[in-house]
Amino acid sequence: HLECNSKSGLRGPQHAGLDPAALAAAVLPSSRFKFGNALRLLSLPHRVHEIWARDQSDSTPIVPSDWKGGQQLIVYKAGDNAILLRELGAPGHSALSRLVSGQTLESALSASGALNEDGTRELFSFIAEARLVVSVSS
């Protein structure tokens, strides 16, 4: 699942995301974000990202890993067309999933109640720096 989404799911070109300053200036509680098509949100039943990343980088023998428990990831394309993965906590994944589905900022954050102020700041800093949003409407 992870391999498929990191290779075949993002074959198109990187979208032109909003500049972080422009995104920050446009955001209101009633804002809805339109995300580019160069991202996928994954909710996996096992913690496989570390194993997958290790196996992509070298051919050393696989050692036992603790892969028990779920893992939420975002797979996205960077400006240089590199495909990147980032682990999200469950609250951040929930909020981002709601935003991607078209909910307002206020609605997405209130429905993802476990996302604290620092988590919200970190999530939106990532969204802005990765230029995942192509437009904002209110």
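**Close-up views of a predicted model**

**View 1. R40 sits opposite V75 of β3.** This is a predicted model, with residues numbered from 1 along each chain as its sequence is written; local features need pLDDT of at least 70, and side-chain atom pairs count only at pLDDT 80 or more, while totals for chains, interfaces and linings use all residues. Side-chain values rest on heavy atoms, with hydrogens and water left out. The strands β2 and β3 pair in the antiparallel sense over 6 bridges (two strands pair if DSSP finds at least two bridges between them). Helices (H or I, at least four residues) and strands (E, at least two) are DSSP runs, numbered from the N terminus.

**View 2. Three strands make an open sheet, in the order β2-β3-β4 with antiparallel pairing.** At the edges are β2 (39-44) and β4 (83-88); each has a single partner strand, so one side of each is left without a neighbour in the sheet. On average, neighbouring strands here are turned by 20 degrees against each other, direction ignored. Helix α4 lies across β2, β3 and β4, and runs at about 135 degrees to β2. Axes are lines fitted to C-alpha atoms, for helices over the stretch in contact, with angles from 0 to 180 degrees between N-to-C directions.

**View 3. The largest nonpolar core holds 21 residues, and F33, F35, I74, L123, I127 and L132 touch the most other members.** Two or more residues each come from β1 (32-35), β3 (71-77), α4 (90-100), α5 (105-111) and α6 (117-129). Helix α6 gives the largest share, 5 residues. Another core, of 5 residues, lies apart from this one and includes L42, L73, V75 and L85. A nonpolar core here is a set of buried Ala, Val, Leu, Ile, Met, Phe, Trp, Tyr and Cys residues joined through side-chain atoms within 4.5 Å. Buried means under 20% relative accessible area, exposed over 50%, and partly exposed in between (1.4 Å probe, protein chains only).

**View 4. Zooming in on F35, its partners are L96, L99, V100, I127, L132, V133 and V134.** That list leaves aside neighbours within four places in sequence, and contact means heavy atoms within 4.5 Å.

**View 5. L28 is in the loop between α2 (20-26) and β1.** Its relative accessibility is 43%, so L28 counts as partly exposed. Not counting residues up to four places away in sequence, L28 touches L105 and S138. T104 is 76 residues away from L28 along the chain, yet their C-alpha atoms are separated by 9.1 Å.

**View 6. T120 is part of helix α6.** With 19% relative accessibility, T120 counts as buried. Once residues up to four places away in sequence are set aside, T120 touches L109 and L115.

**View 7. Confidence is highest in β1, at 96, and lowest in helix α1 (residues 2-7), at a mean of 51.** The protein averages a pLDDT of 81, and 73% of the residues score at least 70; pLDDT is the predictor's confidence in each residue, from 0 to 100.

**View 8. Zoomed back out, the protein has 6 helices and 5 strands.** Along the sequence they follow the pattern α-α-β-β-α-β-β-α-α-α-β. Of the 138 residues, 37% are buried. Among contacts between residues at least 6 apart in sequence, 69% join residues at least 24 apart.
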